[in-house]
Amino acid sequence: MPGIGIITNPHSRRNRRYPERMRRLGYMLGQHDTYELTNRIEDVEEVARKFKDNGIEILALNGGDGTNHVTLTNFIKVYGDEPLPKVALLRGGTMNTVSNAVGISGAPPKLLANLVEKYYTGQPFETTRRDILKVEDETGERYGFIFGNGIVSNFLEEYYATGNPSPTTAGVLLGKALGTMPVGGELPRRLFRPFNASIEFDESMWEERDYASVLASTVDQIGLGFRPFIRCQERDNTFHLLGVTGGPVDIALALPRIRLGLPVDERKIRSEVSSRAVFRSSEPINYTIDGDMHVAQSGEVTLSTGPSVELIIK
């Protein structure tokens, strides 16, 4: 029996905080399962080749969104045109937006125990299939679920700079930004600094203009329970892309509707469902994929749909 392959990122903040829990996960696996610690990014590709050779049926990821992004990028590289195994997100990181968006809840031991029990007793899993975003710049290809620049990447830079990344820290930072917005605070100015860009789709184009942010996703959430990507499952092999053209006050007023997953004024936040988009700017593009930060010095990023993945919910 090929079994379950689990990858743990020992450097994720939650795994560093609870090292004994990280060790216990290995004891829960069956005799055909494999447990791997990936201390370096280079280790992930080696593990992917091992798991592919062993024909594992379930890939369990014990980390947060960033770990999942890096791991899936390497597994897609190794697997090529072959389908990926089912993927179980064990929520072992600080940022677990993707698992929240698809309805995965619980701590890593509970999630893994359910996974092992169902797998070895032949019980069916509840799953959802999602397309993965393929993000290309001059440095290569990366894969994930949520892309963002402008407001999103600026917010994450401020968030990581606190040295204490957590949902509470993110909430406090958002509250500070909203609270100082009416008086023209320094934090809102840093978050909402505009950039000039154009976006080309297969059959249409958004003209060159100032944007506060460009975002794309194949899941509906972006963090803290906000759900801007309400069209992410409108069609197969597509993603929902948003171009934020409104100012700070416009965005603040739209937050309640975004929180509820309701449409917003397209004069302030443009919306498109596409399988491909080329994002061009006259300056380097700082962006994030699932919380990991990157820079396209060329000022060009291409978004497209990569392979789909079957995520285990429970």
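User: What does Ser 153 touch, not counting residues up to four places away in sequence?
Analyst: In this predicted model, Ser 153 touches Gly 148, Asn 286, Tyr 287, Thr 288 and Met 293.

User: Is Ser 153 buried or exposed?
Analyst: Buried. Its relative accessible area is 1%, and the cut-off for buried is under 20%.

User: Which helix does Ser 153 lie in?
Analyst: Ser 153 is part of helix α7, which covers residues 151–161.

User: How many residues of α7 are buried?
Analyst: 8 of the 11. So α7 is largely enclosed by the rest of the structure. The buried ones are Ile 151, Val 152, Ser 153, Asn 154, Phe 155, Leu 156, Glu 158 and Tyr 159.

User: And what follows α7?
Analyst: Gly 163 does, with a positive phi near 75 degrees.

User: At what angle do α7 and α8 cross?
Analyst: Roughly 120 degrees, and their axes come within 10 Å. Helix α8 spans residues 167–180. The two helices are therefore oblique to each other. The crossing is right-handed.

User: Which residues make that contact?
Analyst: From α7, Phe 155, Glu 158 and Tyr 159. From α8, Pro 167, Thr 169, Ala 170, Leu 173 and Leu 174.

User: New topic. In the largest nonpolar core, which residues touch the most other members?
Analyst: Leu 115 and Phe 145. That core has 63 residues.

User: Where does this core lie?
Analyst: Between domain 1 (4–125) and domain 2 (143–308), because both give residues to it.

User: What is Leu 115 in contact with, leaving aside neighbours within four places in sequence?
Analyst: Ile 4, Ile 58, Ala 60, Ala 88, Phe 125 and Ile 312.

User: What about the second core?
Analyst: That one is separate and has 21 residues, including Phe 279, Tyr 287, Ile 289 and Ala 296.

Key
Residues numbered from 1 in each chain as written. Predicted model: local features only at pLDDT ≥ 70, side-chain atom pairs only at ≥ 80, totals over all residues. Heavy atoms only, no water. Core = buried A, V, L, I, M, F, W, Y, C linked by side-chain atoms within 4.5 Å. Buried < 20%, exposed > 50% of the residue type's maximum accessible area, 1.4 Å probe, protein only. Domains from an automatic or database assignment. Contact = heavy atoms within 4.5 Å. Helix = DSSP H or I, 4+ residues; strand = E, 2+ residues; numbered from the N terminus. Axes fitted to C-alpha atoms, helices over the stretch in contact; angles between N-to-C directions. Parallel < 35°, antiparallel > 145°, perpendicular 65-115°, else oblique. Left-handed = near helix turned anticlockwise from the far one by under 90°.
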